[in-house]
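Let's walk through this structure together, one piece at a time. Have the sequence and the 3D view side by side, and follow along as each part comes up.

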Amino acid sequence: MEVSFQARPISLKTAEYTKSQLLKSKFVDIICHSSSDEDTIASARAMKWFLDKNKVPSRIISDGGVKSFQYKSGDTLDLSEQSLPSTSPDTVLCVDFSEYSRVSSSLKSYIEKAKNLLCIDHHKGANPILNNQNIYVDLSAKSCSGIILRLFEALKLNVPMSVKRTLYCGMTDDLRKNKYLTFSDKSLYPIKSKDFMADENTKYLYTKMEKELPQNEQEKVVKHLNLLTSLTKEEKVFKDDLPRRIKYNSNGKFGYVIIPINDKQWISLGGDNKRTSAIISNFRISTLANNPKVDSVAVFYPNSTGYRISIHSKGDNVLKMFEHVRKSFPEFSGGGHPERGGGGNFTLDPQKSISWTNAIIKGIDDFYK
Ligand SMILES: [Mn+2]
(Lines give C-alpha, C1' and ligand atoms only; values in the text may rest on other atoms or scores of the structure.)
Protein backbone atom coordinates (compact mmCIF):
# COMPACT_ATOMS: atom_id res chain seq x y z
CA MET A 1 0.00 0.00 0.00
CA GLU A 2 1.27 3.42 -0.85
CA VAL A 3 1.23 5.82 2.04
CA SER A 4 1.08 9.48 1.21
CA PHE A 5 2.51 11.86 3.77
CA GLN A 6 1.02 15.32 4.03
CA ALA A 7 2.87 18.00 5.99
CA ARG A 8 5.17 15.42 7.43
CA PRO A 9 6.87 16.02 10.77
CA ILE A 10 9.89 18.31 10.62
CA SER A 11 13.09 17.06 12.23
CA LEU A 12 14.40 18.96 15.23
CA LYS A 13 17.62 19.60 13.30
CA THR A 14 15.79 21.29 10.39
CA ALA A 15 13.53 23.22 12.76
CA GLU A 16 16.47 24.44 14.85
CA TYR A 17 18.36 25.44 11.70
CA THR A 18 15.41 27.51 10.43
CA LYS A 19 15.04 29.07 13.86
CA SER A 20 18.74 30.01 14.06
CA GLN A 21 18.67 31.55 10.57
CA LEU A 22 15.72 33.71 11.59
CA LEU A 23 16.93 34.64 15.08
CA LYS A 24 20.31 35.87 13.89
CA SER A 25 18.50 38.44 11.71
CA LYS A 26 18.24 42.13 12.50
CA PHE A 27 14.97 42.38 10.61
CA VAL A 28 12.86 39.87 8.71
CA ASP A 29 10.66 40.66 5.71
CA ILE A 30 8.04 37.90 5.49
CA ILE A 31 6.86 37.83 1.90
CA CYS A 32 3.57 36.45 0.56
CA HIS A 33 3.05 35.43 -3.06
CA SER A 34 1.08 37.70 -5.39
CA SER A 35 -2.71 37.46 -5.29
CA SER A 36 -2.09 36.57 -1.66
CA ASP A 37 -4.50 33.92 -0.44
CA GLU A 38 -5.49 32.79 3.05
CA ASP A 39 -2.70 30.19 3.26
CA THR A 40 0.18 32.52 2.41
CA ILE A 41 -1.14 35.24 4.73
CA ALA A 42 -1.85 32.78 7.56
CA SER A 43 1.67 31.37 7.20
CA ALA A 44 3.13 34.88 7.29
CA ARG A 45 1.10 35.86 10.35
CA ALA A 46 2.10 32.73 12.24
CA MET A 47 5.78 33.33 11.44
CA LYS A 48 5.40 36.94 12.53
CA TRP A 49 4.07 35.74 15.87
CA PHE A 50 7.15 33.49 16.19
CA LEU A 51 9.53 36.36 15.41
CA ASP A 52 7.71 38.79 17.75
CA LYS A 53 7.98 36.20 20.50
CA ASN A 54 11.73 35.99 19.90
CA LYS A 55 12.04 39.79 19.73
CA VAL A 56 13.15 39.85 16.09
CA PRO A 57 11.53 42.83 14.33
CA SER A 58 9.62 41.86 11.19
CA ARG A 59 7.05 42.96 8.67
CA ILE A 60 4.69 41.08 6.33
CA ILE A 61 4.71 42.11 2.66
CA SER A 62 1.59 41.11 0.75
CA ASP A 63 -0.43 42.54 -2.10
CA GLY A 64 -3.64 42.70 -0.12
CA GLY A 65 -5.38 40.50 -2.67
CA VAL A 66 -7.24 38.85 0.14
CA LYS A 67 -8.08 40.35 3.48
CA SER A 68 -7.44 37.19 5.41
CA PHE A 69 -9.07 36.17 8.66
CA GLN A 70 -8.48 38.80 11.33
CA TYR A 71 -6.02 40.42 9.01
CA LYS A 72 -4.78 43.70 10.42
CA SER A 73 -2.98 45.78 7.85
CA GLY A 74 -1.00 47.45 10.67
CA ASP A 75 1.71 44.80 10.61
CA THR A 76 1.65 44.47 6.85
CA LEU A 77 3.07 46.42 3.98
CA ASP A 78 0.21 46.26 1.52
CA LEU A 79 1.61 46.49 -1.99
CA SER A 80 -1.77 47.50 -3.39
CA GLU A 81 -1.48 50.73 -1.39
CA GLN A 82 2.18 51.16 -0.44
CA SER A 83 5.44 50.84 -2.32
CA LEU A 84 8.41 48.65 -1.46
CA PRO A 85 11.10 50.11 0.81
CA SER A 86 14.07 51.52 -1.09
CA THR A 87 16.49 49.98 1.42
CA SER A 88 17.87 46.46 0.92
CA PRO A 89 16.30 43.77 3.09
CA ASP A 90 18.26 41.98 5.79
CA THR A 91 16.53 38.58 5.95
CA VAL A 92 13.70 37.62 3.60
CA LEU A 93 11.41 34.73 4.43
CA CYS A 94 9.16 33.60 1.54
CA VAL A 95 6.07 31.67 2.64
CA ASP A 96 3.89 29.48 0.41
CA PHE A 97 6.07 30.11 -2.65
CA SER A 98 9.65 29.42 -3.72
CA GLU A 99 9.74 30.69 -7.29
CA TYR A 100 10.09 34.23 -8.62
CA SER A 101 7.22 33.59 -11.02
CA ARG A 102 4.88 33.92 -8.02
CA VAL A 103 5.80 37.59 -7.38
CA SER A 104 5.96 40.85 -9.35
CA SER A 105 9.23 41.91 -10.95
CA SER A 106 9.73 44.71 -8.41
CA LEU A 107 9.25 42.28 -5.51
CA LYS A 108 11.67 39.90 -7.23
CA SER A 109 14.38 42.58 -7.35
CA TYR A 110 13.70 43.38 -3.69
CA ILE A 111 14.08 39.71 -2.67
CA GLU A 112 17.26 39.41 -4.74
CA LYS A 113 18.90 42.10 -2.62
CA ALA A 114 18.36 40.17 0.65
CA LYS A 115 21.38 39.40 2.82
CA ASN A 116 19.84 36.12 3.87
CA LEU A 117 16.99 34.26 2.22
CA LEU A 118 14.68 31.47 3.39
CA CYS A 119 11.69 29.76 1.76
CA ILE A 120 9.00 27.56 3.30
CA ASP A 121 6.71 26.07 0.68
CA HIS A 122 4.60 23.16 -0.54
CA HIS A 123 4.81 23.80 -4.29
CA LYS A 124 7.21 22.39 -6.80
CA GLY A 125 8.57 24.66 -9.49
CA ALA A 126 11.07 24.32 -12.27
CA ASN A 127 13.11 27.31 -11.13
CA PRO A 128 13.27 27.56 -7.35
CA ILE A 129 14.69 30.78 -5.86
CA LEU A 130 17.09 28.72 -3.75
CA ASN A 131 18.93 25.44 -4.05
CA ASN A 132 20.41 25.06 -0.59
CA GLN A 133 19.34 24.15 2.93
CA ASN A 134 17.56 27.50 3.34
CA ILE A 135 14.66 26.19 1.31
CA TYR A 136 12.22 23.86 3.02
CA VAL A 137 9.70 22.35 0.61
CA ASP A 138 7.31 19.58 1.62
CA LEU A 139 5.50 18.65 -1.57
CA SER A 140 3.26 16.24 0.26
CA ALA A 141 1.82 19.04 2.40
CA LYS A 142 -1.60 20.32 1.39
CA SER A 143 -0.97 23.77 2.88
CA CYS A 144 1.96 25.91 3.95
CA SER A 145 0.08 26.58 7.20
CA GLY A 146 0.31 22.84 7.90
CA ILE A 147 4.10 22.95 7.46
CA ILE A 148 4.36 25.86 9.87
CA LEU A 149 2.29 23.98 12.40
CA ARG A 150 4.79 21.12 12.02
CA LEU A 151 7.65 23.58 12.54
CA PHE A 152 6.11 24.85 15.78
CA GLU A 153 5.47 21.27 16.83
CA ALA A 154 9.12 20.33 16.28
CA LEU A 155 10.20 23.34 18.35
CA LYS A 156 7.68 22.34 21.07
CA LEU A 157 6.14 25.80 21.13
CA ASN A 158 3.07 26.75 23.06
CA VAL A 159 0.97 28.25 20.28
CA PRO A 160 -1.67 30.79 21.40
CA MET A 161 -5.29 30.43 20.35
CA SER A 162 -5.18 33.34 17.89
CA VAL A 163 -2.28 31.77 15.99
CA LYS A 164 -3.96 28.35 15.96
CA ARG A 165 -7.06 29.99 14.53
CA THR A 166 -4.99 31.71 11.84
CA LEU A 167 -3.29 28.44 10.85
CA TYR A 168 -6.61 26.58 10.92
CA CYS A 169 -7.94 29.21 8.49
CA GLY A 170 -4.97 28.84 6.11
CA MET A 171 -5.17 25.06 6.23
CA THR A 172 -8.92 24.97 5.69
CA ASP A 173 -8.76 27.25 2.66
CA ASP A 174 -5.98 25.30 0.92
CA LEU A 175 -7.62 21.95 1.79
CA ARG A 176 -10.77 23.29 0.18
CA LYS A 177 -8.85 24.22 -2.96
CA ASN A 178 -7.41 20.70 -3.04
CA LYS A 179 -10.94 19.29 -2.68
CA TYR A 180 -9.93 17.64 0.59
CA LEU A 181 -12.74 19.70 2.11
CA THR A 182 -15.92 21.00 0.53
CA PHE A 183 -18.25 23.69 1.72
CA SER A 184 -21.98 23.58 1.28
CA ASP A 185 -24.80 25.86 2.29
CA LYS A 186 -26.37 22.98 4.22
CA SER A 187 -23.82 22.56 6.96
CA LEU A 188 -21.51 25.03 8.60
CA TYR A 189 -18.64 22.58 8.87
CA PRO A 190 -16.65 21.57 5.81
CA ILE A 191 -17.20 18.04 4.52
CA LYS A 192 -14.10 15.82 4.53
CA SER A 193 -13.39 13.85 1.37
CA LYS A 194 -12.16 10.25 1.14
CA ASP A 195 -8.71 11.55 0.20
CA PHE A 196 -8.68 13.63 3.35
CA MET A 197 -9.59 10.62 5.50
CA ALA A 198 -6.91 8.48 3.84
CA ASP A 199 -4.19 11.05 4.39
CA GLU A 200 -2.79 10.37 7.85
CA ASN A 201 -0.70 13.52 8.23
CA THR A 202 -3.39 15.91 7.04
CA LYS A 203 -5.94 14.15 9.22
CA TYR A 204 -3.58 14.34 12.19
CA LEU A 205 -2.83 18.07 11.78
CA TYR A 206 -6.38 19.11 11.03
CA THR A 207 -8.06 17.12 13.79
CA LYS A 208 -5.41 18.39 16.19
CA MET A 209 -6.58 21.94 15.41
CA GLU A 210 -10.22 20.87 15.68
CA LYS A 211 -9.55 19.44 19.14
CA GLU A 212 -7.59 22.43 20.37
CA LEU A 213 -9.77 25.21 18.98
CA PRO A 214 -13.06 25.88 20.76
CA GLN A 215 -16.15 25.36 18.60
CA ASN A 216 -16.95 29.06 18.38
CA GLU A 217 -13.44 29.85 17.14
CA GLN A 218 -13.76 27.22 14.39
CA GLU A 219 -17.16 28.61 13.47
CA LYS A 220 -15.73 32.11 13.07
CA VAL A 221 -13.15 30.76 10.62
CA VAL A 222 -15.56 28.63 8.64
CA LYS A 223 -18.12 31.45 8.38
CA HIS A 224 -15.36 33.72 7.14
CA LEU A 225 -14.33 31.20 4.46
CA ASN A 226 -17.72 29.78 3.56
CA LEU A 227 -19.55 32.70 2.02
CA LEU A 228 -22.46 30.38 1.23
CA THR A 229 -23.55 30.54 4.88
CA SER A 230 -24.07 34.29 4.72
CA LEU A 231 -25.85 34.85 1.41
CA THR A 232 -28.24 37.77 1.05
CA LYS A 233 -31.79 37.15 -0.20
CA GLU A 234 -30.83 38.28 -3.68
CA GLU A 235 -27.73 36.08 -3.73
CA LYS A 236 -29.85 33.09 -2.65
CA VAL A 237 -32.30 33.71 -5.49
CA PHE A 238 -29.41 33.80 -7.97
CA LYS A 239 -27.87 30.64 -6.50
CA ASP A 240 -31.16 28.68 -6.49
CA ASP A 241 -31.87 29.74 -10.03
CA LEU A 242 -28.60 28.43 -11.51
CA PRO A 243 -29.68 24.74 -11.76
CA ARG A 244 -32.72 25.87 -13.76
CA ARG A 245 -30.52 27.77 -16.21
CA ILE A 246 -28.26 24.83 -17.08
CA LYS A 247 -28.01 23.56 -20.67
CA TYR A 248 -26.27 20.39 -21.84
CA ASN A 249 -24.28 19.37 -24.91
CA SER A 250 -25.56 16.65 -27.26
CA ASN A 251 -24.61 13.69 -25.05
CA GLY A 252 -25.15 15.35 -21.69
CA LYS A 253 -21.53 15.15 -20.53
CA PHE A 254 -21.04 18.89 -20.51
CA GLY A 255 -23.37 21.25 -18.63
CA TYR A 256 -23.16 25.02 -18.81
CA VAL A 257 -24.86 28.22 -17.76
CA ILE A 258 -24.55 31.42 -19.77
CA ILE A 259 -24.78 34.72 -17.91
CA PRO A 260 -25.15 37.34 -20.64
CA ILE A 261 -23.24 40.61 -20.55
CA ASN A 262 -26.32 42.64 -19.66
CA ASP A 263 -27.69 40.20 -17.07
CA LYS A 264 -29.54 42.46 -14.62
CA GLN A 265 -29.29 40.07 -11.69
CA TRP A 266 -25.51 39.60 -12.18
CA ILE A 267 -24.96 43.36 -12.42
CA SER A 268 -27.04 44.05 -9.35
CA LEU A 269 -24.97 41.48 -7.38
CA GLY A 270 -21.86 43.47 -8.28
CA GLY A 271 -20.77 41.33 -11.24
CA ASP A 272 -17.73 39.10 -10.88
CA ASN A 273 -16.60 39.33 -7.24
CA LYS A 274 -15.59 37.05 -4.37
CA ARG A 275 -19.22 36.31 -3.47
CA THR A 276 -20.63 35.62 -6.95
CA SER A 277 -17.51 33.60 -7.71
CA ALA A 278 -18.12 31.42 -4.60
CA ILE A 279 -21.72 30.87 -5.73
CA ILE A 280 -20.91 29.82 -9.29
CA SER A 281 -18.00 27.67 -8.13
CA ASN A 282 -20.28 25.87 -5.65
CA PHE A 283 -22.80 25.42 -8.45
CA ARG A 284 -20.23 23.69 -10.68
CA ILE A 285 -18.97 21.41 -7.92
CA SER A 286 -22.42 20.43 -6.63
CA THR A 287 -23.78 19.82 -10.14
CA LEU A 288 -20.88 17.41 -10.79
CA ALA A 289 -21.41 15.68 -7.45
CA ASN A 290 -25.15 15.19 -8.05
CA ASN A 291 -25.07 14.06 -11.68
CA PRO A 292 -23.11 10.85 -12.37
CA LYS A 293 -23.39 11.35 -16.13
CA VAL A 294 -22.02 14.89 -16.25
CA ASP A 295 -18.23 15.18 -16.57
CA SER A 296 -17.78 18.93 -16.71
CA VAL A 297 -19.71 22.05 -15.80
CA ALA A 298 -18.93 25.58 -16.93
CA VAL A 299 -20.28 29.05 -16.30
CA PHE A 300 -19.84 31.80 -18.89
CA TYR A 301 -19.99 35.29 -17.36
CA PRO A 302 -18.79 38.86 -17.83
CA ASN A 303 -16.26 40.61 -15.61
CA SER A 304 -15.00 44.17 -15.80
CA THR A 305 -12.61 43.60 -18.71
CA GLY A 306 -14.17 40.86 -20.81
CA TYR A 307 -16.15 37.67 -21.03
CA ARG A 308 -15.04 34.53 -19.19
CA ILE A 309 -15.49 30.81 -18.76
CA SER A 310 -14.87 28.97 -15.48
CA ILE A 311 -15.05 25.20 -15.56
CA HIS A 312 -14.73 22.12 -13.34
CA SER A 313 -14.22 18.57 -14.60
CA LYS A 314 -14.68 15.34 -12.64
CA GLY A 315 -12.52 13.34 -15.03
CA ASP A 316 -9.64 15.87 -14.93
CA ASN A 317 -10.32 16.83 -18.55
CA VAL A 318 -10.04 20.62 -18.39
CA LEU A 319 -6.63 21.04 -20.00
CA LYS A 320 -7.26 18.36 -22.64
CA MET A 321 -10.61 19.98 -23.42
CA PHE A 322 -9.04 23.44 -23.80
CA GLU A 323 -6.37 21.99 -26.08
CA HIS A 324 -9.14 20.46 -28.20
CA VAL A 325 -11.09 23.74 -28.32
CA ARG A 326 -7.99 25.48 -29.70
CA LYS A 327 -7.95 23.11 -32.70
CA SER A 328 -11.06 24.79 -34.11
CA PHE A 329 -10.73 28.08 -32.18
CA PRO A 330 -7.00 28.91 -31.98
CA GLU A 331 -7.44 32.33 -30.37
CA PHE A 332 -8.99 30.77 -27.25
CA SER A 333 -6.70 31.22 -24.28
CA GLY A 334 -7.60 29.10 -21.31
CA GLY A 335 -5.62 27.24 -18.69
CA GLY A 336 -5.48 26.11 -15.10
CA HIS A 337 -5.47 22.63 -13.62
CA PRO A 338 -6.82 19.29 -14.92
CA GLU A 339 -9.81 19.52 -12.56
CA ARG A 340 -10.59 23.24 -12.78
CA GLY A 341 -9.65 26.08 -15.06
CA GLY A 342 -10.76 29.15 -16.89
CA GLY A 343 -10.20 31.54 -19.72
CA GLY A 344 -11.35 34.85 -21.05
CA ASN A 345 -11.28 37.44 -23.75
CA PHE A 346 -11.08 41.22 -23.64
CA THR A 347 -14.32 42.27 -25.21
CA LEU A 348 -17.61 43.32 -23.70
CA ASP A 349 -19.31 43.47 -27.06
CA PRO A 350 -22.47 41.31 -26.66
CA GLN A 351 -22.30 39.88 -30.20
CA LYS A 352 -18.61 38.97 -29.91
CA SER A 353 -19.14 37.36 -26.51
CA ILE A 354 -21.90 35.17 -27.99
CA SER A 355 -19.73 33.94 -30.86
CA TRP A 356 -16.80 33.39 -28.46
CA THR A 357 -19.05 31.32 -26.17
CA ASN A 358 -20.51 29.32 -29.06
CA ALA A 359 -17.05 28.48 -30.41
CA ILE A 360 -16.02 27.09 -27.01
CA ILE A 361 -19.25 25.12 -26.54
CA LYS A 362 -18.84 23.63 -30.00
CA GLY A 363 -15.23 22.66 -29.25
CA ILE A 364 -16.14 21.03 -25.94
CA ASP A 365 -19.09 19.18 -27.50
CA ASP A 366 -16.70 17.85 -30.12
CA PHE A 367 -14.23 16.81 -27.39
CA TYR A 368 -16.90 14.61 -25.78
CA LYS A 369 -17.93 12.90 -29.04
MN1 LIG B 1 -0.70 27.24 -0.13
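Strand 9 (residues 247–248) and strand 10 pair over two bridges, in the antiparallel sense. If you click on Lys247, you will find its bridge partner, Tyr256, in strand 10. Keep in mind that you are looking at a predicted model. The hairpin made by strand 9 and strand 10 has five residues between the strands, and in this hairpin Gly252 adopts a positive phi near 75°.

Now follow strand 10 itself. This strand covers residues 254–258, and four of its five residues are buried, so strand 10 is largely enclosed by the rest of the structure. Strand 10 also pairs with strand 11 (residues 296–302), here in the parallel sense and over five bridges. A handy pair to pick out is Val257, which stands opposite Val299 in strand 11.

Which sheet do these strands belong to? They are part of an open sheet of six strands, ordered 9-10-11-12-14-13, with mixed pairing. Strand 9 and strand 13 (334–336) are the edge strands, each pairing on one side only. Strand 13 is joined to strand 14 (residues 340–344) by three bridges, and the two run antiparallel. Within that pair, Gly336 stands opposite Gly341 in strand 14. Helix 11 (residues 274–290) packs on the sheet, where it touches strand 10, strand 11 and strand 12 (307–313). The direction of helix 11 makes about 160° with that of strand 11. Helix 13 (residues 350–367) also lies across strand 10, strand 11 and strand 12, and it runs at about 170° to strand 10.

Strand 1 (residues 28–32) and strand 4 (residues 91–95) run parallel and are joined by five bridges. To find your place between them, look for Asp29, which stands opposite Val92 in strand 4.

What about the nonpolar interior? In soluble globular proteins, nonpolar side chains tend to be buried together. In this model the largest nonpolar core has 58 residues, of which Met47, Leu93, Val95, Ile148 and Leu167 touch the most other members. Helix 2 (residues 38–53) supplies the largest share of this core, with eight residues.

Next come two helix pairs. Two packed helices are described by the angle between their axes and the distance between the axes. Helix 2 and helix 4 pack at about 20°, with their axes 8 Å apart. They are therefore roughly parallel to each other. In this pair, Asp39, Thr40, Ala42, Ser43, Ala46 and Met47 of helix 2 meet Cys144, Ser145 and Ile148 of helix 4. Sorted by class, the contact has five nonpolar, three polar and one charged residues.

Helix 4 (residues 144–154) also packs against helix 5 (residues 161–177), at an angle of about 140° and with the axes 7 Å apart. Helix 4 and helix 5 are therefore oblique to each other. On the helix 4 side the contact is made by Cys144, Ser145, Gly146, Ile148 and Leu149, and on the helix 5 side by Leu167, Gly170, Met171 and Asp174.

One last stop is Pro243, which sits in helix 9 (residues 233–245). Is Pro243 buried or partly exposed? Pro243 has 13 other C-beta atoms within 10 Å, so it is partly exposed.

Notes
Residues are numbered from 1 along each chain as its sequence is written. This is a predicted model: local features need pLDDT of at least 70, side-chain atom pairs count only at pLDDT 80 or more; totals for chains, interfaces and linings use all residues. Two strands pair if DSSP finds at least two bridges between them. A residue is buried if 20 or more other C-beta atoms lie within 10 Å of its own, exposed if 12 or fewer, and partly exposed in between; C-beta atoms are placed from the backbone. Two residues are in contact if their C-beta atoms, placed from the backbone, lie within 7 Å. Axes are lines fitted to C-alpha atoms, for helices over the stretch in contact, and angles run from 0 to 180 degrees between N-to-C directions. A nonpolar core is a set of buried Ala, Val, Leu, Ile, Met, Phe, Trp, Tyr and Cys residues joined through C-beta atoms within 7 Å. Angles under 35 degrees count as roughly parallel, over 145 as roughly antiparallel, 65 to 115 as roughly perpendicular and the rest as oblique. Ala, Val, Leu, Ile, Met, Phe, Trp, Tyr, Cys and Pro count as nonpolar, Asp, Glu, Lys and Arg as charged, and the others, Gly among them, as polar.
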